[in-house]
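My notes are below, in the order I looked things up.

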Amino acid sequence: MKTPLVTLLVPVYNRKHLIGECLDSALRQTMPNLEVVITDNASTDGTWEICQDYAKRDSRIRLFRNDTNLGPVRNWMRGLEEARGQYAKFLYSDDLISPTFLEKTLPYLEN
């Protein structure tokens with residue numbers, strides 16, 4: 001994959017019942033030059049396995065798992081450290097994003 005313009009940062013901890021919808025909304029973006037960085041904070045409820053399945057199906061996903069729960073802020077920072085995009089946006093694991101969000105927002109950031 002070429003260097004992405006935008007990184008969607010998805011920090012997650014124990015969101016087995018929500019993470020799929022979140023990732024589906026991220027992957028439906030109409031702006032193609034993106035990566036999705038998931039940082040799992042040592043989930044214990046099956047969230048990690050769901051994220052692995054998504055990563056196997058879509059090469060835009062980069063998946064990282066902490067050995068122990070770092071707390072929310074350090075998990076967010078982990079995502080920022082792994083991001084390769086020029087721009088980054090947090091998409092929390094219980095949130096959804098409109099398919100055209102990045103396409104419509106990016107021109108404002110570039111100005």
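Predicted model: local features only at pLDDT ≥ 70, side-chain atom pairs only at ≥ 80, totals over all residues.

Entry 1: I started with the strands and found an open sheet of four, in the order E3-E2-E1-E4, paired parallel. Which strands stand at the edges? They are E3 (61-65) and E4 (87-90); each has a single partner strand, so one side of each has no neighbour in the sheet. I also looked up the twist, which averages 20° from one strand to the next.

**Entry 2: the E2/E3 pair.** I zoomed in on E2 (residues 34-40) and E3, which pair in the parallel sense over five bridges. Within that pairing, I noted that aspartate 40 has arginine 65 of E3 as its bridge partner.

**Entry 3: helices over the sheet.** I asked which strands helix H2 lies across. H2 (residues 47-57) lies across E1 (6-12), E2 and E3, and runs at about 155° to E3. I then checked H3 (residues 72-82), which lies across E1, E2, E3 and E4, at about 145° to E2.

Leaving out residues up to four places away in sequence, isoleucine 38 touches Val10, Val12, Leu23, Cys51, Ile61, Arg62, Leu63 and Phe64.

**Entry 4: serine 25.** I wanted to know where serine 25 sits, and found it in helix H1 (residues 19-27). Is serine 25 buried or exposed? Its relative accessible area is 2%, so I wrote it down as buried. Its side chain reaches the backbone nitrogen of isoleucine 97 at 3.1 Å. Setting aside neighbours within four places in sequence, I listed its contacts as Leu91, Asp95, Leu96 and Ile97.

**Entry 5: glycine 71.** This one is in the loop between E3 and H3. I had to check the cut-off here: buried means under 20% relative accessible area, and glycine 71 has 19%, so it counts as buried. I also took its C-alpha distance to valine 10: 14 Å in space, for a gap of 61 residues in sequence.

**Entry 6: salt bridges.** How many salt bridges does a search of the whole structure find? I got eight. The one between arginine 15 and aspartate 94 has its closest N and O atoms 3.7 Å apart. That pair links distant parts of the chain, 79 residues apart: arginine 15 is in the loop between E1 and H1, aspartate 94 in the loop between E4 and H4. I have arginine 15 down as partly exposed at 30%, and aspartate 94 as partly exposed at 43%.

Next I looked inside the helices. In H2, aspartate 53 and arginine 57 are four residues apart, about one turn, and form a salt bridge at 3.0 Å. Aspartate 53 is partly exposed at 37%, whereas arginine 57 counts as exposed at 56%. In H3, arginine 78 and glutamate 82 are also about one helical turn apart, with a salt bridge at 3.2 Å.

Definitions and conventions:
Residues numbered from 1 in each chain as written. Heavy atoms only, no water. Pairing = 2+ DSSP bridges. Helix = DSSP H or I, 4+ residues; strand = E, 2+ residues; numbered from the N terminus. Axes fitted to C-alpha atoms, helices over the stretch in contact; angles between N-to-C directions. Contact = heavy atoms within 4.5 Å. Buried < 20%, exposed > 50% of the residue type's maximum accessible area, 1.4 Å probe, protein only. Polar contact = N/O pair within 3.5 Å; in protein donor to acceptor, adjacent residues only side chain to side chain. Salt bridge = Lys/Arg side-chain N within 4 Å of Asp/Glu carboxyl O.
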